[in-house]
Amino acid sequence: MTDPNRDYEQLAERLTETGRDVDAINRALSAFDVETPSWGYGDSGTRFATFQQPGRPRNVFERLQDAAEVHRLTGAASAVALHFPWDHVDDLPALRSHAESLGLRIGAVNPNLFQDPDYKLGSVTHPDERVREKAVEHLLECVHVAHELGSTAQSLWLADGTNYAGQDDLIARRHRMLGCLARVYEALPPEQELLVEYKLFEPAFYATDLADWGSALLVCQKLGDRAKVLIDLGHHAQGVNIEQIVAVLDDEGRLGGFHFNNRKYADDDLIVGSVNPFELFLIFVELTAPGRAMPRLTIDQSHNIEAKVEAMTLSVVNLQEAYAKALLVDRDELARAQRARDVLRAHEVLLDAYGIDVRPLCAKTRGERGAAEDPIRALREGGYVERAVAERGSAETVAEGWGR
Ligand code: LRH
Ligand code: MN
């Protein structure tokens, strides 16, 4: 076991020698904060099966307890995104004070317009006005819930789409959607923004009404300034350059946030940075470019076979490290190489930063925030999971569905 302080001192010395402002990097790292998803702690699976894990949280209050453990370990997960009705409670003030008693705040509120049978052919795009009214009612209810919980964002993903060519008029669907979302946007209190999440396919397999960043951006521009695009890393066709989408949306002032996860094939919802850590680094290289503000950062994963609290903890650690590496990019040298049309020198500037082992830096920042220098080790030695199993039961069964 190496001495983390000596590792840090050696790294800080090397970074200072190469012209980096280590204090500024530490300040930025200690301000880094992400939202974890309540549904990432609950049951989740594939169409083939959902395997319940021993000690799984039985309600939103226990999901918040698990989120608080991830924040205790990493110091960088102080908010929890909620999903309704999966996290529905009658007493919203009690839920809010429970979160605050755990040192947490409520992040984005996610409506659910994809499980009710009425939404089989769409929700806000549905041909039947009665169904659209029902969808708008749910969205307005979520605006109220967010206000009660102190949340400042509606994070909207629409599963809406068609499965066969000719099934419905694609533009008529778009106009229905725009009409419904305009009413929801009008109802947003000043502290709330609307995040519009796109997805290429699934559950729709012919046309998805919000299939890509362009269709989401156009909708946001029609709605108003507080409507912005949310990028889920698993929602693109293979080969799409996500960091370029980040740069363009930021340049349009419409980069609202992220759903971080990782995928090898489709919307796999695996641990962020577990498949393509270089892509994650490049996304943070764009986010940390001079003059850019950090948008809302939310994790959106489902842990079908892996231990959920450890998976979420590792995800926050992977995000901290990707951000730290991006902060080490020598921006002056990058700009000089780009001006000089020195193609490979510019690329190598990024590789220089990516190749630095930033773990001592992240460990020190976490330690200074009262969190764990080695969160995974602290979790495994701390007994939190064992206590949860003892308290909540060790049943390992097959569940009927998501999010709960
Ligand atoms: C859709 C999605 C969306 C959530 C859901 C849990 O694939 O990414 O953000 O509502 O997963
Ligand atoms: Mn998502």
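**Notes on the manganese site and some helix packing**

1. Start with helices H4 and H5: H4 passes H5 in a right-handed crossing. Bear in mind throughout that this is a predicted model. H4 covers residues 92–101 and H5 covers residues 129–149, and the two pack with their axes 9 Å apart at an angle of about 45°. That angle makes H4 oblique to H5.

2. Which residues of H4 and H5 meet? On the H4 side they are Leu92, Leu95 and Arg96. Across from them, H5 supplies His144, Val145, His147, Glu148 and Leu149.

3. Now have a look at another pair, H11 (residues 331–339) and H12 (residues 343–354). Their axes are 8 Å apart, and the packing angle is about 160°. An angle over 145 degrees counts as roughly antiparallel, so that is how H11 and H12 run relative to each other. Their crossing is left-handed.

4. Glu333, Leu334, Arg336, Ala337 and Gln338 come from H11, and they meet Arg345, Ala346, Val349 and Leu350 of H12.

5. Next, the metal. What coordinates the manganese ion (ligand 2)? The protein donors are Glu197 through OE, Asp232 through OD, His259 through ND1 and Asp300 through OD, at 2.1 to 2.2 Å. The site has six donor atoms, with angles of 72 to 173° among them, and its geometry is octahedral. For reference, ideal angles for six octahedral donors are 90 or 180 degrees.

6. If you want to find the donor residues of this manganese ion in the sequence, look for the spacing E-x34-D-x26-H-x40-D. Glu197 belongs to strand S6 (residues 193–197) and Asp232 to strand S8 (residues 227–232), so this pair ties together parts that lie 35 residues apart in sequence. Are these two buried or exposed? Both Glu197 and Asp232 are buried.

7. Strands S6 and S8 turn up again around helix H7: they are among the elements that cover its buried residues, as are helix H6 (170–186) and helix H8 (242–251). H7 itself spans residues 213–223, and its buried residues include Ser215, Ala216, Leu217, Val219, Cys220 and Leu223.

Terms used:
Residues are numbered from 1 along each chain as its sequence is written. Chains are lettered from A and ligands numbered from 1 in the order in which they are written. This is a predicted model: local features need pLDDT of at least 70, side-chain atom pairs count only at pLDDT 80 or more; totals for chains, interfaces and linings use all residues. Side-chain values use heavy atoms; hydrogens and water are left out. Donors are N, O and S atoms within 2.8 Å of the metal (3.2 Å for Na, K and Ca); water is not among the atoms, so sites may look incomplete. Four donors count as tetrahedral if all angles lie between 85 and 135 degrees; four count as square planar and six as octahedral if opposite donors are over 155 degrees apart and all others between 65 and 115; anything else is irregular. Helices (H or I, at least four residues) and strands (E, at least two) are DSSP runs, numbered from the N terminus. Buried means under 20% relative accessible area, exposed over 50%, partly exposed in between (1.4 Å probe, protein chains only). Axes are lines fitted to C-alpha atoms, for helices over the stretch in contact, and angles run from 0 to 180 degrees between N-to-C directions. Angles under 35 degrees count as roughly parallel, over 145 as roughly antiparallel, 65 to 115 as roughly perpendicular and the rest as oblique. A crossing is left-handed if the near helix is turned anticlockwise from the far one by less than a right angle, and right-handed if clockwise. Contact means heavy atoms within 4.5 Å.
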